[in-house]
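Subject: Structure handover: disulfides and a helix pair

Hi,

Here is the structure I promised to pass on.

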Amino acid sequence: MFMVASKFITLTFKDPDGYSAKQEFVFLTTMPEAEKLRGEKHFPDVTKPTGKMLSDGRPDQPSVYLERLELIRNACKEEALRNLSHTEVSKFVLDRIFVCDKHKILFCQTPKVGNTQWKKVLIVLNGAFSSIEEIPENVVHDHEKNGLPRLSSFSKIGIQKRLKTYFKFFIVRDPFERLISAFKDKFVHNPRFEPWYRHEIAPGIIRKYRKNRTETRGIQFEDFVRYLGDPNRRWLDLQFGDHIIHWVTYVELCAPCEIKYSVIGHHETLEADAPYILKEAGIDHLVSYPTIPPGITMYNRTKVEQYFLGISKRDIRRLYARFEGDFQLFGYQKPDFLLN
């Protein structure tokens, strides 16, 4: 956890966690220019200017982070990917973005990618608690108590100003490995305080997508994959409401083609990305990210193969078709070992 001693905060790493949200797709479809307010820090569209500057005025940012942003820009231009890469900057998206006005930071949550730790950082930086240890676990995700506002809670002008001028980031991981994490967390190791996943959502998926109607076991990963890959699943998503954020795409959560983020972190390289994000956000003198246990963020192909074992190629291809935008926007290799 983050520990506060003088000005410094320390955080221990935990497994990826999830959050609730409201599924409302109504709000901003365009982002008009907002007036720059007095005293407001203004960052360029791509990166916040910290550290050494290049001759053309751009920040001397490590190439890997610039390459990630360039990859997103190029993928967003591909007409063939348009339906998989673009989304409205709706209330659903704005509900995903948490605000730290004190340090002018926006963080888009992507559940099942270790986001709880970043939320705790912002909660402390916002002043709701003086240290991470003081934050009760049931408060972290209680947005009436944690002092962490959503971007959707501001006026339209306030939203536009923050999107234009604040440092913006989010974290991604291999899309299929994220789905495995969501399945394990919500349907296998389901916490007692979230009974609806097993008792409401799982039965709904089984009724619609289980092939063998005589099978009496609880929800299987195959049922989950078939549900996620179904192009006609929307009616079920609406019934599930808040809880689908744990498995919808990064595109649907954070609108990376519509919002120009400053940094995209990768779970697989979090050891390097976390300190870099803190530095670029201008809070590295206040916050230190913890030592991450060796191997915990590495991509585990064996685990992916085991979970998809026995699932039909047709169902896997349909699943990939839905998440192809996430694979291409963020540079994850197409899982041909599963598809062919």
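Below are my notes on the cysteines and on one pair of packed helices.

First, some housekeeping. This is a predicted model, so local features need pLDDT of at least 70 and side-chain atom pairs count only at pLDDT 80 or more, while totals for chains, interfaces and linings use all residues. Residues are numbered from 1 along each chain as its sequence is written, and side-chain values use heavy atoms, with hydrogens and water left out.

**Disulfides**

There are two disulfides in the structure (a disulfide being a pair of cysteine sulfur atoms within 2.5 Å). With bonded cysteines counted along the chain, they follow the pattern 1-4, 2-3.

One of them joins cysteine 76 to cysteine 257, with 1.9 Å between the sulfur atoms. Cysteine 76 sits in helix H1 (residues 63–77) and cysteine 257 in the loop between helix H11 (250–254) and strand E5 (263–266), so this pair ties together parts that are 181 residues apart in sequence. (Helices, H or I with at least four residues, and strands, E with at least two, are DSSP runs numbered from the N terminus.) The torsion about the S-S bond of cysteine 76 and cysteine 257 is about -90°, so the disulfide is left-handed. Cysteine 76 is buried at 13% relative accessible area, and cysteine 257 counts as buried at 18%. (Buried means under 20% relative accessible area, exposed over 50% and partly exposed in between, with a 1.4 Å probe and protein chains only.)

The sulfur atoms of cysteine 108 and cysteine 254 are 2.0 Å apart, and these two form a disulfide as well. This pair links distant parts of the chain, 146 residues apart: cysteine 108 is in strand E3 (residues 105–108) and cysteine 254 in helix H11. Its S-S torsion is about -95°, so this disulfide is left-handed. Both cysteine 108 and cysteine 254 are buried.

Cysteine 100 counts as buried too, at 0% relative accessibility.

**Helices H9 and H14**

Helix H9 (residues 221–228) packs on helix H14 (residues 313–329) at an angle of about 50°, with the axes 8 Å apart. (Axes are lines fitted to C-alpha atoms, for helices over the stretch in contact, and angles run from 0 to 180 degrees between N-to-C directions.) The two helices are therefore oblique to each other (neither under 35 degrees, over 145, nor 65 to 115).

Val225, Arg226 and Leu228 in H9 meet Asp315, Leu319 and Arg322 in H14, where contact means heavy atoms within 4.5 Å.

Best wishes
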